[in-house]
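Student: Could we go through this model together, setting each label against the rule behind it?

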Amino acid sequence: MKTTPESRRGAGYRAFLAHRLSGLALAVFLPAHFLTLGLALEGAEALDRFLAFAELPLVKAAEWSLVVLLATHLGLGARLLVLELGPWRGLRIAWVGWAVGIAAVTGLAFLAVA
């Protein structure tokens, strides 16, 4: 199926794009996560240095964005699973709003806790 400029304007296409891009961003994050776990294995001093770095405001903002990306990816991925495995047909555009809303609430909850 060839995509046309008209098909790229809808909420379904934006949901597709957000799901794919959030997945790519999370995949880029994984090596940094494994590096942190490796620092924990090297000893307390190396991990303490990293944890001091993790308290910087820019790092905290990046941490918040990762939480929002994860919630976005989860919500939009769940939408795709329901569409493919459930009895519903069509785009169900309202579900995109629910996924984005859940991601926003998750981001706000993370800000409240952090």
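This is a predicted model: local features need pLDDT of at least 70, side-chain atom pairs count only at pLDDT 80 or more; totals for chains, interfaces and linings use all residues.

Tutor: Residues are numbered from 1 along each chain as its sequence is written, and side-chain values use heavy atoms, with hydrogens and water left out.

Student: Why is Ala46 called buried?

Tutor: Ala46, which is in helix α2, has 10% relative accessibility and therefore counts as buried, the term meaning under 20% relative accessible area with a 1.4 Å probe and protein chains only. Ala46 and Val96 are 50 residues apart in sequence and 42 Å apart in space, C-alpha to C-alpha.

Student: What makes up the nonpolar patch on the surface?

Tutor: Phe16, Leu17, Leu21 and Leu24 form the patch, with about 370 Å² of accessible area together, and Leu21 lies in helix α1. Patch residues have over 30% relative accessible area and no salt bridge, and nonpolar side chains are joined within 5 Å.

Student: Which residues lie nearest the centre of the largest pocket?

Tutor: They are Phe29, Phe50, Val59, Glu63 and Leu66, from a lining of 18 residues, where lining residues have an atom within 4 Å of a pocket point. The elements that give two or more residues to this lining are α1 (11–42), α2 (44–53) and α3 (57–85), and α3 gives the most, with seven. The lining residues divide into 13 nonpolar, two polar and three charged, and the pocket's volume is about 440 Å³.

Terms used:
On a 1 Å grid over the protein atoms alone, a cavity is a set of points where a 1.4 Å probe fits but cannot get out, and a pocket is an open set with protein on both sides within 12 Å along at least five of seven lines; lining residues have an atom within 4 Å of a point. Grid points are joined across faces, edges and corners, and a volume is the space filled by probe spheres set on the points. Helices (H or I, at least four residues) and strands (E, at least two) are DSSP runs, numbered from the N terminus. Ala, Val, Leu, Ile, Met, Phe, Trp, Tyr, Cys and Pro count as nonpolar, Asp, Glu, Lys and Arg as charged, and the others, Gly among them, as polar. Patches are made of residues with over 30% relative accessible area and no salt bridge: like charges are joined within 9 Å, nonpolar side chains (Val, Leu, Ile, Met, Phe, Trp, Tyr) within 5 Å. Accessible areas come from the Shrake-Rupley method with a 1.4 Å probe; for residues, only the protein chains shown count as cover. A salt bridge is a side-chain nitrogen of Lys or Arg within 4 Å of a carboxyl oxygen of Asp or Glu. Buried means under 20% relative accessible area, exposed over 50%, partly exposed in between (1.4 Å probe, protein chains only).
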